[in-house]
Amino acid sequence: MSLRTCALLFALALGLLPGASAHGASTELPLDQQVGQLIVPSFRGTATPAYVRAALRERHAAGVILFGGNIASPAQVRSLTRALRQQGGRPLVAVDQEGGRIRRVPWVGPIRSEQEQALAGAVRSDAADAATALRALGISVTLAPVADVPFVRNAAIAERAFSSDPSVVSASVQAAVRAWRAGGVAPTVKHFPGMGGASRNTDGAVVTIRRSEAALDRVDLAPFRAAIRAGVPLVMVGHARYPALDRSHIASQSSAIIEGVLRGELGFRGVVITDSLEARASLSTGPITAVAERAIEAGADLVLLTGRGSYQPVYDHLLTRAREDPALRARVREAAARVWRLKAGS
């Protein structure tokens with residue numbers, strides 16, 4: 001493929017030409033680049049490693065997620081995100097910026113926890129201020145707000161949630177989503193279909209939430225419905241098991257949950273991203289390559305990698321399997337189109 005053809009395809013994909021369609025352009029990308037649009041890796045250090053620059057330049061990654069070890073000062077973050085953008089393709093740059101203690105950029109808000117924001121009536125203003133600050137640093141995606149509704153004693157998510165009242169959570173999530181979007185940062189509601197019934201985090205434990213389908217629909221899904229009505233562009237799917245919805249698969253590997261509930265019942269048309277695939281609840285079902293493939297097959301559009309050394313094995317495996325399997329190849333094409341549309345609006 002010539003450089004001119006590549007440039008044309010990328011311009012089309014990013015909506016830079018009249019009548020451009022992100023979906024049309026993404027389907028014309030070679031398969032190796034389509035697969036790349038499904039992966040968000042992490043890295044160590046405050047400068048961009050060569051392999052990350054190469055992955056972005058070759059369109060073999062959709063973007064990156066930054067953690068505390070990547071972040072030192074405003075000038076350093078701006079330099080880092082500028083280096084990422086210079087690789088082309090409008091890479092997504094994501095952080096966890098929920099509020100309170102969950103803030104990867106420590107000098108940026110929301111300073112208050114989500115519960116404190118809701119009690120103070122400051123959800124919208126706190127998210128708006130944080131969005132402006134993150135956007136100025138070159139960060140385009142926040143993995144917030146938390147849409148979970150805690151309902152068990154000692155719920156693992158309790159201190160990160162807006163409230164145990166689903167109506168308060170719904171209103172807060174809606175306000176946060178609108179404010180983040182208005183500030184030019186794409187919000188991500190999590191952890192679908194709701195982690196309020198877990199006493200342990202899936203990062204370190206295998207979790208089963210024994211909640212009836214009716215209760216899940218009435219309580220846990222309400223904030224996600226509110227977020228979708230507010231135009232949330234990303235939904236993060238978690239790794240817990242929900243026997244009422246799928247007896248055989250964790251949520252991130254369940255087409256019944258992603259395609260059936262999230263897309264079918266709730267009507268979500270945006271990008272589905274997994275929680276970290278290195279979580280214990282995820283890896284308890286198989287090696288990182290297998291869980292990534294199952295997540296994509298189930299309907300996820302982006303797989304989030306937070307472990308050292310995960311990126312290349314996952315990328316190579318997905319590319320090999322997409323070449324072998326027409327059904328997975330079609331799923332890759334569909335997911336890549338959604339990610340391109342997200343990038344075109346970033």
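This is a predicted model: local features need pLDDT of at least 70, side-chain atom pairs count only at pLDDT 80 or more; totals for chains, interfaces and linings use all residues.
I number residues from 1 along each chain as its sequence is written. Local features need pLDDT of at least 70, side-chain atom pairs count only at pLDDT 80 or more, totals for chains, interfaces and linings use all residues, and side-chain values use heavy atoms, with hydrogens and water left out.

Sheet. I looked up the strand order and found six strands in an open, parallel sheet, β2-β3-β6-β7-β8-β9 (strands are DSSP E runs of at least two residues, helices H or I runs of at least four, numbered from the N terminus; two strands pair if DSSP finds at least two bridges between them). β2 (63-65) and β9 (271-274) are the edges; each has a single partner strand, so one side of each lacks a neighbour in the sheet. β6 (residues 141-142) pairs with β7 (residues 186-192) over two bridges, and T142 stands opposite P187.

Salt bridges. I counted 16, taking a side-chain nitrogen of Lys or Arg within 4 Å of a carboxyl oxygen of Asp or Glu. E159 and R101 meet at 2.5 Å, N to O; they are 58 residues apart, and both lie in loops. E334 and R338 have their closest N and O atoms 3.4 Å apart. R338 is buried at 10% relative accessible area, whereas E334 is partly exposed at 33% (buried is under 20%, exposed over 50%, partly exposed in between; 1.4 Å probe, protein chains only). I also noted a salt-bridge network of D96, E98, R104, R160 and K190.
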